[in-house]
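Open the structure in your viewer and keep the selection tool at hand. The stops below follow one another, each with something to select and something to look for.

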Amino acid sequence: MNLLRYIIIPVFTLFLIVGLNFKFVNIPPLGKFLDPYHGYLSLIGRDDITHLDINYAELTAPVTIKFDSLRIPHIFAENEEDLYFAQGYVMAFDRLWQMEFQTHAAGGRVSEIIGEKALPYDRFQRRIGMVYGAEKGLAEIQKDPVYPNLLAFTKGVNAFIESLGVNDYPLEYKILDYTPEPWTPLKTSLLLKYMAWMLTGQSNDLVYTRLLNDFGIEVVNNLYPVFPKDFEPIIPRGTNFNFGMKDILHPASFYKTQADTSDILIRELVNSSHLFNAGGFEGIGSNNWAVHGSRTKSGNAILANDPHLGLSLPSIWYAMHLHCPTMNVMGVTLPGAPGIILGFNDNISWGFTNGYDDVMDWYDIQFRDNQLQEYWYGNSWQKTTKVIEEIKIRGEKSFFDTVTYTHHGPIVWDRMNQTLPGGENNIPNKLRQTSPGRALRWLAHDPSNELRSLYLVNKAENYNDFVEALKFFTCPGQNIIYSDTEGNIAIWHAGNLPVKWKGQGRFIMDGSDPAYDWQERIPHDEKAHSLNPSRGFLSSANQHPVDETYPYYMSEFFWHSYRGEQINKRLSPLKSASLEEIRNIQLDNISGRARNLLPVFLSKIEKFSLNTSAKKWAALLKEWNYSYDALSVEATFYDHWEKLFEKMVWTDNFGQDNQRYIWPYFNSLDELVRYNPESHWFDDTGTTEVETLSDLCYRSFSETVEKFGNMEKFGIEKLQWQYNRQTDLNHLAKIPGMGRINLPTSGAPDIVNATGETFGPSWRFAIEMGERKTVYGIYPGGQSGHPGSIFYDNMVDDWVIGNYHLLSFPHSPEELTGVSFVWKPK
Amino acid sequence: MKKILLLSLLLLCILPFTPWYIIALAMGFNGWISSSKKEALISGGIITSIAWLLPLIWGYFSGGKLLMERVSTMLGIPHPLLLICISILLISVVGLLSSLSGYLSRKVVNEFSF
């Protein structure tokens with residue numbers, strides 16, 4: 001007994017020390033982490049660029065790196081290999097953890113870091129064929145002259161990783177308690193596929209099939225139209241398409257499958273991942289435009305671009321300037337990708353918006369038996385391929401998952417609830433995932449080499465080079481805007497898109513009939529594009545790229561053109577535009593939805609007797625300029641009213657949005673209100689009376705007045721948009737304290753300044769071309785990925801209020817003031 | 001007092017090159033050579049506090065404030081100075097328990113004549 005008295009304290013102490021050395025749930029290993037010698041405090045000063053004062057044997061010639069006041073690295077090398085090596089090294093210096101974590105997320109390897117709770121997410125990533133696609137992409141790159149550049153980039157990243165001691169590992173490694181591993185070319189390929197998923201992973205096939213089965217084709221065509229009424233396509237109307245559609249097999253009869261009642265949308269599935277900022281699809285979009293030199297004050301073409309993506313810290317983008325005798329390019333890239341993705345060089349500038357093409361289709365597969373060894377296709381049994389995926393789990397045995405592949409692609413689910421994050425109980429309203437036995441056809445599974453395309457764009461000297469470069473751009477399809485120093489402007493709907501018969505891929509298809517396969521690709525010169533149109537400007541905002549005269553069927557879904565219309569409305573009157581005028585369109589907060597609907601709404605409530613508070617709000621809204629400015633109280637009121645009205649119109653027929661069905665797109669509601677006010681959709685089928693548009697307008701208005709009347713007691717300024725809809729920049733791994741939240745942004749989805757709660761303009765960029773370029777840019781974040789650095793989030797506040805930074809584009813290190821280093825070969 | 005200063009200095013010199021839990025071994029030794037339980041506890045707490053306090057304070061005033069603010073928020077601690085206090089508290093608990101363990105271990109050896 002006495003011995004026990006003596007032993008209990010040492011044993012407890014031992015347990016305490018061991019406990020403090022290991023991560024427990026979300027708590028980092030506190031002993032290691034708080035240790036001021038090796039823990040988080042050892043990172044003080046680790047973001048100091050003086051750490052880059054080094055020499056490397058891998059270099060063949062000296063490399064000069066100069067940092068400007070925003071800490072953007074300007075790298076001057078004597079050849080491309082050294083340039084990419086330095087890019088890899090410097091990028092890893094600032095963003096190593098982000099680079100690696102994103103590729104773990106892409107490749108379904110999060111369980112290795114955070115344990116079993118990420119297993120469903122990892123299984124999903126593997127089962128959609130993310131690694132399969134990345135390996136195919138890498139095989140293409142390996143055959144290409146750009147491969148040595150990727151290898152040099154990889155060497156650069158690894159040289160940085162090798163230079164690190166345990167103390168130097170970025171903060172997130174210490175919090176999550178793991179270590180970096182060597183970079184590989186496959187990781188870069190995975191990153192590109194991850195981006196492809198983010199931009200093309202919206203699949204409506206299942207829900208459209210269900211709508212078709214439950215409501216009929218007329219409702220689908222009317223409420224989910226391929227071509228909305230009055231939309232403004234990207235390629236100006238009147239463009240002559242002097243070619244016909246390629247001849248492909250059409251099915252003998254229309255295949256209609258059962259969309260079983262227990263399905264769930266893919267996007268629901270992905271959005272339900274709460275493990276980290278995986279990024280949903282809502283709010284993903286972008287704007288870009290270019291104005292011909294003939295319509296600008298200086299005579300130079302002007303280009304602007306702001307991609308709207310999920311926002312996080314560290315930021316999705318990293319700004320760089322790369323210079324060598326064969327290349328001089330600047331802009332932003334994804335941490336982990338060599339070269340520049342969005343930017344400009346001496347001769348051209350370019351920017352992307354998402355193409356929104358339907359490059360993800362689902363096929364019913366008829367298997368011979370439940371072994372899934374053979375499937376019926378083209379009147380014979382075809383063999384499947386089995387891929388065994390090993391998913392390593394932190395602290396546990398690996399999980400092995402067998403994925404069956406058909407020639408269409410992987411069978412994502414071969415039984416129910418296979419990959420649901422959080423398990424079955426996590427599903428809203430007991431909805432289920434896509435039923436088993438369907439194959440996914442996704443363009444990103446095809447061999448492709450977007451790196452070559454980007455490399456050639458980076459080096460392009462003129463329009464012809466640019467067009468040639470886009471031949472290699474496969475997925476994700478993008479609207480790529482162009483301007484050059486000659487004053488030319490152009491836009492291409494780029495991507496290696498399949499030729500589809502009208503409506504192909506809109507619903508789940510028959511996997512046994514070759515007529516449902518993707519048979520041909522749209523020839524490069526027949527891709528939708530425009531060069532120097534007579535109107536003098538071009539723009540895109542994720543709307544349908546072409547009008548009905550274009551011979552090819554593109555997709556069942558594109559965003560409505562509210563943003564596109566507003567951009568064109570702003571650009572049209574400009575005859576002698578300045579860069580500032582064109583740039584400031586990015587900050588336009590006018591709501592096209594409000595402009596279309598509010599006058600109708602107000603006219604409909606006039607016939608009702610309104611109380612004092614209601615009259616006051618109606619009067620305020622009558623004077624409102626439809627601007628979702630941060631200080632606007634009208635925006636808050638209208639937004640609530642509009643959402644409530646929309647809910648009242650659709651809930652009785654379609655239930656909650658994104659559950660059993662998706663609600664019709666907003667432009668359909670807009671069209672009903674303005675052009676079909678007697679529509680039966682305004683009747684609430686849950687009541688015996690027949691409701692009208694006026695009834696719903698009044699009902700939703702009254703409820704909003706009541707809600708806001710109560711809130712007014714706290715002061716009308718509390719109703720400002722900035723307090724009622726804020727933007728959060730969460731940390732990429734959702735680590736508390738490492739993000740910036742509740743930012744008082746202006747704007748909203750479907751507005752040019754397309755901010756949302758967790759997404760928004762991830763990079764605002766505007767450039768005036770010419771011999772000397774004037775370039776503005778900003779993104780919500782900072783160059784450094786180290787949370788302890790002042791450059792971690794130094795651009796956030798300026799981004800919120802719409803300020804820009806003038807970017808330096810020196811032709812030699814001497815033209816720039818800042819800290820510089822010269823790396824010499826050892 | 002001399003022992004406290006000496007061991008604090010020793011820890012300040014070796015901790016930059018060793019894992020954090022070496023502090024427990026050092027305090028175990030401290031307890032072993034302590035003449036009373038009280039001395040073991042007090043000296044263990046003080047030495048470990050000094051060994052962590054100095055670099056923490058230095059870190060705070062030499063560019064670590066921002067990082068400490070972020071880490072504080074992450075851990076749900078309202079102020080970085082409180083984070084310093086909690087860090088000190090944590091390591092001093094480890095220190096005094098280790099020191100006490102060292103003291104008790106010596107007692108066991110003496111009492112049970114292993």
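This is a predicted model: local features need pLDDT of at least 70, side-chain atom pairs count only at pLDDT 80 or more; totals for chains, interfaces and linings use all residues.

**Stop one: chain B**

Residues are numbered from 1 along each chain as its sequence is written, and chains are lettered from A and ligands numbered from 1 in the order in which they are written.

Chain B as a whole averages a pLDDT of 91, and the model scores ipTM 0.95 and pTM 0.93. Chain B has four helices and zero strands; helices (H or I, at least four residues) and strands (E, at least two) are DSSP runs, numbered from the N terminus. The C-alpha atoms of chain B fill a box of roughly 55 × 25 × 25 Å along the principal axes.

**Stop two: where the chains touch**

Show both chains. The contact takes 30 residues from chain B and 28 residues from chain A, where two residues are in contact if their C-beta atoms, placed from the backbone, lie within 7 Å. On the side of chain B, α3 and α4 (80–112) of chain B are the elements that give two or more residues. The largest share, 13 residues, comes from α3(B).

**Stop three: strand β9 of chain A**

Select residues 348–354 of chain A. Seven of the seven residues of this strand, β9, are buried, so it is largely enclosed by the rest of the structure. Buried means that 20 or more other C-beta atoms, placed from the backbone, lie within 10 Å of the residue's own.

Two bridges join strand β8 (residues 342–345) of chain A to β9(A), running antiparallel. Seven bridges join β9(A) to strand β16 (residues 478–484) of chain A, also antiparallel. Centre on Trp350(A): Gly343(A) stands opposite Trp350(A), and Trp350(A) stands opposite Tyr482(A) in β16(A).

**Stop four: helix α17 of chain A**

Finish with residues 592–605 of chain A, which form helix α17. Where does the kink lie in α17(A)? A kink of about 30° lies at Leu598(A), shortly before the proline Pro599(A); the bend is the angle between axes fitted to the seven residues ending at a residue and the seven starting there. Among the buried residues of α17(A) are Leu597(A) and Phe601(A).

Definitions and conventions
pLDDT is the predictor's confidence in each residue, from 0 to 100. The expected span of a helix is 1.5 Å times one less than its number of residues. A residue is buried if 20 or more other C-beta atoms lie within 10 Å of its own, exposed if 12 or fewer, and partly exposed in between; C-beta atoms are placed from the backbone. Two strands pair if DSSP finds at least two bridges between them.
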